[in-house]
Amino acid sequence: HSAEEKAVEPVWKAPSGIIGLETALALAVTNLVKPGHLTMVQLMEKMSLNPAKLYRFDKGSVAEGADADLVIFDENETWTVTDNFRSKSNNSPFIGQTLTGRVKYTVCGGKLVYRDGQTAF
């Protein structure tokens with residue numbers, strides 16, 4: 001949604017939805033892995049392998065000859081969410097929260113597409 005659509009007052013008349021992709025992994029590490037509700041392996045299954053299986057995509061695993069689609073992250077790095085998102089949206093209830101787990105690199109189709117705050121190489 002455009003900034004104009006989201007800026008409608010009162011807020012309940014604006015289209016629903018928040019930015020989620022940029023905080024999803026850190027929120028899951030912070031709230032599920034660190035307290036012991038899931039292991040890191042279980043989280044990775046839930047965030048990549050299982051969705052790939054549900055949609056019948058040949059994705060979600062690392063194997064010779066497979067697409068190199070990877071997210072490399074530091075599971076122990078803490079950071080504070082700001083409204084400086086890479087996406088067009090900046091609507092998040094998590095702004096100001098300190099989270100654990102920070103994406104360092106994203107590789108898509110074997111190409112580096114994100115590195116520590118920089119995109120589209």
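## Fold and surface of a predicted chain

From the N terminus on, the elements of the chain run α-α-α-β-β-β-β, giving three helices and four strands, where helices (H or I, at least four residues) and strands (E, at least two) are DSSP runs numbered from the N terminus. This is a predicted model, in which local features need pLDDT of at least 70 and side-chain atom pairs count only at pLDDT 80 or more, while totals for chains, interfaces and linings use all residues. Residues are numbered from 1 along each chain as its sequence is written, and side-chain values use heavy atoms, with hydrogens and water left out.

The values for the whole chain are set out below.

| Property | Value |
|---|---|
| Box filled by the C-alpha atoms, along the principal axes | roughly 50 × 30 × 30 Å |
| Distance between the mean positions of the 13 positive and 14 negative charges | 2 Å |

For the charges, Lys and Arg count as positive and Asp and Glu as negative, with His and the chain ends not counted, and each charge is placed at NZ of Lys, CZ of Arg, CG of Asp or CD of Glu.

Of the 121 residues of the chain, 19% count as buried, a term that means under 20% relative accessible area, whereas exposed means over 50% and partly exposed lies in between (1.4 Å probe, protein chains only). Among contacts (heavy atoms within 4.5 Å) between residues at least 6 apart in sequence, 49% join residues at least 24 apart.

The structure holds one aromatic pair. The ring centres of Tyr 55 and Phe 57 are 5.8 Å apart and their planes stand at 20°, so the pair is stacked; rings of Phe, Tyr and Trp (its six-membered ring) pair if their centres lie within 6.5 Å, and planes under 30 degrees apart count as stacked, over 60 as edge-to-face and the rest as tilted. Tyr 55 and Phe 57 are both exposed.
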